[in-house]
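This briefing is for a reader meeting the structure for the first time.

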Amino acid sequence: MSSRFPGLSSIRLKALALFLLALIAPTASASAADEPDLIFRRSTVFKWVSPNDKLATYGLDDPEVEGVACHFTVPEKGGFKGWLGLAEEVSDISLACRQVGPIKFKHKMEQGDDMFRQRRSLFFKKMQIVRGCDTKRNVLVYMVYSDKLIEGSPKNSTSTVPIMPWGPADANVQKCGEFFTQ
């Protein structure tokens, strides 16, 4: 192998190959979050031969807080680059989170922990949904944003979920401040 590349040792070639593989391999979602469920897609820009540009709406449950679901809409590039997964997606992402059942915290969390993370380009851009707690109002706060290794994006969206009783049987409302550390 090193005879093809006369200045590189086999150890350097293996290290280079591992580095390139790490760059190309897709990034995993945040710790316990499953892949989001596709709710629907809508075409926004028609392309003659290749796939259209679309808006896609996804839903996902918060893996650490039972009773909270979030929906987000992201643009998906069409064309041949988008079809092959080589296009860098834009940072316009909207977010809405709601209480969908009794809220139960699974364990203590940090303010601003990732709830979900998804790759948005072949190399360095990713979308993140992070969660926090407004202790004064007992409200969960979710923020979505995208970032790049070199330069991030100021585009973001925020959604809040007031922690409320869920029906007459849910009289014990938990305080998010007891489950978040600064």
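**A buried ring and its surroundings**

F72 counts as buried because its relative accessibility is 0%, below the 20% cut-off for that class. The model described here is a predicted one.

**Aromatic pairs**

- The count of aromatic pairs comes to 4.
- One of them joins F72 and F116, with the ring centres 5.8 Å apart and 35° between the planes, and this pair is tilted.
- The two partners come from distant parts of the chain: F72 sits in strand 3 and F116 in strand 6, 44 residues apart.
- F116 has a relative accessible area of 0% and is therefore buried.
- Another pair is made by F105 and F180; it is edge-to-face because the planes stand at 90°, with the centres 6.3 Å apart.
- This pair also links distant parts of the chain, as F105 belongs to strand 4 and F180 to strand 10 (residues 180–181), 75 residues apart.
- Both F105 and F180 are buried.
- Y58, F72 and F116 are linked into a cluster by ring pairs.

- In soluble globular proteins, nonpolar side chains tend to be buried together.
- Setting aside neighbours within four places in sequence, I129 is in contact with L60, F72, L95, D113, D114, M115, F116, Y142, M143 and V144.
- The contacts of I129 thus include F72 and F116, the two rings of the tilted pair.

**Q99, a buried residue in strand 4**

- Q99 is placed in strand 4.
- Q99 counts as buried because its relative accessibility is 14%, under the limit of 20%.
- The side chain of Q99 reaches the backbone oxygen of G101 at 3.0 Å.
- A polar atom of the Q99 side chain also lies 3.0 Å from the backbone oxygen of M164.
- Apart from neighbours within four places in sequence, Q99 is in contact with G67, V161, P162, I163, M164 and W166.

**The chain as a whole**

- The protein chain has 2 helices and 10 strands.
- Along the sequence, these elements follow the pattern α-β-β-β-α-β-β-β-β-β-β-β.
- Of the 182 residues in the protein chain, 37% are buried.
- Among contacts between residues at least 6 apart in sequence, 53% join residues at least 24 apart.
- The protein chain exposes about 11300 Å², and carbon and sulfur atoms supply 59% of that area.

**Confidence in the model**

- The average pLDDT of the protein chain is 77, and 63% of the residues score at least 70.
- Across residues 18–32 the pLDDT is below 50, and this stretch has 18 contacts in the model beyond near neighbours in sequence.

Definitions and conventions:
Residues are numbered from 1 along each chain as its sequence is written. This is a predicted model: local features need pLDDT of at least 70, side-chain atom pairs count only at pLDDT 80 or more; totals for chains, interfaces and linings use all residues. Side-chain values use heavy atoms; hydrogens and water are left out. Contact means heavy atoms within 4.5 Å. Helices (H or I, at least four residues) and strands (E, at least two) are DSSP runs, numbered from the N terminus. Buried means under 20% relative accessible area, exposed over 50%, partly exposed in between (1.4 Å probe, protein chains only). A polar contact is a pair of N or O atoms within 3.5 Å; within protein, one must be able to donate a hydrogen and the other to accept it, and residues adjacent in sequence count only if both atoms are side-chain atoms. Rings of Phe, Tyr and Trp (its six-membered ring) pair if their centres lie within 6.5 Å; planes under 30 degrees apart count as stacked, over 60 as edge-to-face and the rest as tilted. pLDDT is the predictor's confidence in each residue, from 0 to 100. Accessible areas come from the Shrake-Rupley method with a 1.4 Å probe; for residues, only the protein chains shown count as cover.
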